[in-house]
Amino acid sequence: MKPKFYDFTDFVSTTTTITSKIIQDAFHSDKLNVSKKADGSLLTASDITVEKIIRNNIKNKFPNHGCIGEELQDISIDLEYCWIIDPIDGTFNFVKGVPFFGTLIGLLENKFPMFGSLRLPLIENFLLTGDNQKAYLNGTALKTTKFDGWSKSLILTTDINRLKQSAFKKQFEKLESLNTTLRTWGDCFGYYLLCIGKADVMIDIDLKPFDILPLIPILKGAGLEIIDLSSDKNYSSIVACKPEVKNELASIFS
């Protein structure tokens, strides 16, 4: 049976209420138990604990669904319905005591991002959800604001150096010349700012599926446009933006 959006929303709300408390307690403690993964990124005990809780709840509530997660082994990923989890998106920020991180949970239907959620444990514990048509902030309908010109705009990215060393170096330099403001308030927090209308553009490259797929239904539901820069059209490199600037940005990145 096809899951309904309200079932998804109820599930992620209940589950992340539990995991947010764990993350909040760890954030305010001095014992994060930090290690490094093979790719050099940081891992904490909280990442593992949170993902285990989410997976266990999925298993109990949706036993016939698959699961993809950042920290643990994938399960039955070719099933029609598959959950995708990033327990702490922005672990580096979490470790450094910067509150710009969150928990991402999405549901894929035949690998398409059908529903998505973002919980921000240290930013009012906000919960964003979306189904590609609509987006909500704590259950209230959410729409981004209108673009008000480049001189008043804010462009976000997670890592400027990565962009400047990438195949998109020249395109990024064009963006820098637009009389805009650029900040690295990135990871999922950057997409949150975009959804609530505080930012105008978010650029990310070399993303893993669990970094971005849970966010796609929220971005689209909030009325934002997505330019997929990836060769495989899997959202691994994207420009997310307000609709008024999509054509201009698409021209820059073409």
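In the hairpin of β6 and β7, five residues lie between the strands, and Glu124 takes a positive phi near 60 degrees. In the hairpin of β7 and β8, which has four residues between the strands, Asn132 takes a positive phi near 80 degrees. Strands here are DSSP runs (E, at least two residues) and helices are runs of H or I with at least four, numbered from the N terminus.

This is a predicted model, where local features need pLDDT of at least 70, side-chain atom pairs count only at pLDDT 80 or more, and totals for chains, interfaces and linings use all residues. Residues are numbered from 1 along each chain as its sequence is written, and side-chain values use heavy atoms, leaving out hydrogens and water.

| Pair | Sense | Bridges |
|---|---|---|
| β6 (residues 112-120) and β7 | antiparallel | five bridges |
| β7 and β8 (residues 135-137) | antiparallel | three bridges |

Ser117 stands opposite Thr129, while Leu128 has Leu137 in β8 as its bridge partner.

Why is β7 (residues 126-130) largely enclosed by the rest of the structure? Five of its five residues are buried, so the structure largely encloses the strand. Buried means under 20% relative accessible area, exposed over 50%, and partly exposed in between (1.4 Å probe, protein chains only). Phe126, Leu128 and Gly130 cover one side, and Leu127 and Thr129 the other.

Leu128 is also among the residues with the most contacts inside the largest nonpolar core, which has 38 residues. Such a core is a set of buried Ala, Val, Leu, Ile, Met, Phe, Trp, Tyr and Cys residues joined through side-chain atoms within 4.5 Å.

How values were computed:
Two strands pair if DSSP finds at least two bridges between them.
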